[in-house]
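Hi everyone, thanks for making time for this. I'd like to walk you through one structure, a piece at a time, so please have a look at it while I talk.

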Amino acid sequence: MTTQPMIAFREVHKYYGDYHALRGITAEIRPGEFFSLLGPSGCGKTTLLRTIAGFEDISSGAVLIDGRDMAGVPANKRPTNMVFQSYAIFPHLSVAQNVGFGLRRDTRSKGEKAKLVEEALEMVGLKGYGARAAHALSGGQRQRVALARALILKPKVLLLDEPLSALDRKIREQMQVELIKLQREVGITFVLVTHDQEEALVMSDRIAVMFEGEIAQLADPETLYRRPNSRRVADFIGVMNFLPATVTGERGDTITAEVAGLGALEVARSQVSLAPAGDQAAVGFRPETLTLLYEGQQAGDREAQGVIDEVVYYGDMTYYDVRLDGMERPVRISMRNVFGRPVLDVGTRTRVAWSPGALVLFR
Ligand SMILES: Nc1ncnc2c1ncn2[C@@H]1O[C@H](COP(=O)(O)OP(=O)(O)OP(=O)(O)O)[C@@H](O)[C@H]1O
Ligand SMILES: [Mg+2]
């Protein structure tokens with residue numbers, strides 16, 4: 001038996017006047033899933049999220065929540081709640097009043113409401129903060145108040161539009177981990193909008209990558225990273241080296257591609273990207289799938305030679321741009337720094353190993 005999706009988009013189109021903001025979105029979000037909408041500014045992430053909440057009418061198609069078509073269902077009758085980027089808490093109210101704001105039309109007794117507020121605060125790690133003035137909170141704490149307020153009515157779906165983007169890096173990373181934990185605890189379906197690919201990879205069960213009103217790829221983080229279905233997706237998620245390639249043969253499940261500097265490569269058909277790359281085929285390598293070989297180190301199956309063009313030191317990692325012999329442009333290689341192993345200098349001649357299993361052929 002397949003479970004019914006929590007959210008289903010069926011051929012959703014949205015026009016703002018002449019502008020075609022959503023171009024036939026079809027996708028399903030599973031119950032209890034941490035789902036992200038990822039894409040560059042203006043691609044339609046917020047618009048799509050707002051069609052779930054009911055803040056945005058769609059021009060054609062359908063949005064279903066828990067099997068029910070939401071056409072004509074106003075926002076306040078939908079089983080969803082939303083946390084915004086500017087989390088709009090009321091500074092002149094106490095923390096408890098802010099969290100309880102969502103209950104103002106609820107008919108429960110004062111005592112019951114107070115209990116719900118306390119539970120919601122505990123959920124987000126703010127137990128005992130109820131009496132505090134909201135303006136006397138840090139950015140991270142305010143975001144927690146906004147979360148508690150959204151969760152207090154126990155929606156089936158929590159919609160989060162760039163909820164962490166106003167926080168600085170350290171707190172943002174901490175909140176990411178807390179959000180994942182919270183989502184697992186409450187079991188509610190989370191739909192997160194972000195333009196930060198790292199954030200999407202860290203937090204999501206699955207990610208829809210969007211460009212210009214369309215979903216370019218929908219997959220789990222590892223598939224997106226290892227097998228992006230187009231150069232555009234590969235470029236948006238992390239760093240990928242692209243080397244021009246010529247396909248020279250196909251036999252069964254193996255495709256042979258010729259790459260200047262690397263020679264003939266055999267690529268499994270499962271590593272061929274599904275979407276066309278344009279006229280010129282290319283192979284793609286992530287920086288960590290290439291390795292600098294130190295003196296005396298044996299190569300795996302393959303080895304090439306080159307000169308270090310650029311070195312960027314990150315403490316735990318070093319990024320090297322290496323110009324391989326016979327290749328026009330340098331490739332980026334990331335190496336984990338190991339105590340006792342020196343960081344190499346620009347101009348050093350070096351050997352590079354790679355594993356053919358890790359590359360993706362775009363054709
Ligand atoms: N009310 C509106 N009227 C007209 N055009 C709009 C309206 N809202 C959004 N758009 C346009 O629709 C497109 C998608 O907007 P949307 O806000 O969904 O993008 P986004 O992916 O959330 O971007 P960002 O990362 O910048 O928030 C944009 O080109 C935007 O200018
Ligand atoms: Mg947006």
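Predicted model: local features only at pLDDT ≥ 70, side-chain atom pairs only at ≥ 80, totals over all residues.

Let's begin in a loop: Glu212 is found between β9 (206–211) and β10 (214–219).

Glu11 is not a glycine either, and its phi is positive, at about 50 degrees. Where does Glu11 sit? Its place is in strand β1, which covers residues 7–16. Is Glu11 buried, partly exposed or exposed? With a relative accessible area of 46%, Glu11 is partly exposed, because that category runs between 20% and 50%.

Now let's step back to the whole chain. The protein chain contains eight helices and 20 strands. Its C-alpha trace spans about 75 × 50 × 40 Å along the principal axes. Of the 363 residues in the chain, 46% are buried. If we take contacts with a separation of 6 or more, 67% of them join residues 24 or more positions apart.

Next, the ligand. Which residues surround ligand 1? They are Tyr16, Tyr19, Ala21, Pro40, Ser41, Gly42, Cys43, Gly44, Lys45, Thr46, Thr47 and Glu162. By type, this shell divides into five nonpolar, five polar and two charged residues. Two elements, β2 (19–29) and α1 (45–53), each supply at least two residues of the shell. Which one gives the most? That is α1, with three residues.

Here are some distances to oxygen atoms of ligand 1. In the side chain of Lys45, an N or O atom is 2.8 Å from a ligand oxygen. For Gly44, a backbone N or O atom lies 3.0 Å from an oxygen of the ligand. For Cys43, a polar backbone atom is 3.2 Å from a ligand oxygen. How much of ligand 1 does the protein cover? On its own, the ligand has 640 Å² of accessible area, and the protein covers 58% of that.

Let's stay with α1 for a moment. This helix is mostly covered, with seven of its nine residues buried. Those buried residues are Lys45, Thr47, Leu48, Leu49, Thr51, Ile52 and Ala53. Just after α1 comes Gly54, which takes a positive phi of about 90 degrees.

In soluble globular proteins, nonpolar side chains tend to be buried together. In this model, the largest nonpolar core has 33 residues, and Val99, Leu147 and Leu158 have the most contacts inside it. The elements that each supply at least two residues of this core are α2 (95–100), α3 (110–123), α4 (139–151), β7 (157–161), α5 (169–186) and β8 (189–194). The helix that gives the most to this core is α4, with six residues.

What does Val99 touch? Leaving aside neighbours within four places in sequence, Val99 is in contact with Val117, Ala120, Leu121, Val145, Ala148, Arg149 and Ile152. Apart from this core lies another one, of 28 residues, and among them are Ile255, Phe285, Tyr294 and Ile333.

I have two more residues for you. Arg172 has its place in helix α5. Is Arg172 buried or exposed? Its relative accessibility is 18%, so Arg172 counts as buried, because the cut-off is under 20%. Not counting residues up to four places away in sequence, Arg172 touches Leu164, Leu167, Asp196 and Glu199.

Finally, Pro91 lies in the loop between β6 (80–83) and α2. At 43% relative accessibility, Pro91 counts as partly exposed. Which residues is Pro91 in contact with, leaving aside neighbours within four places in sequence? They are Ala134 and His135. Pro91 and Leu137 are 46 residues apart in sequence, and from C-alpha to C-alpha they are 9.3 Å apart in space.

How values were computed: Residues numbered from 1 in each chain as written. Chains lettered and ligands numbered in written order. Heavy atoms only, no water. Near = heavy atom within 4 Å. Polar contact = N/O pair within 3.5 Å; in protein donor to acceptor, adjacent residues only side chain to side chain. Areas by Shrake-Rupley, 256 points an atom, 1.4 Å probe, with all protein chains shown as cover. Helix = DSSP H or I, 4+ residues; strand = E, 2+ residues; numbered from the N terminus. Nonpolar A, V, L, I, M, F, W, Y, C, P; charged D, E, K, R; others polar. Core = buried A, V, L, I, M, F, W, Y, C linked by side-chain atoms within 4.5 Å. Buried < 20%, exposed > 50% of the residue type's maximum accessible area, 1.4 Å probe, protein only. Contact = heavy atoms within 4.5 Å.
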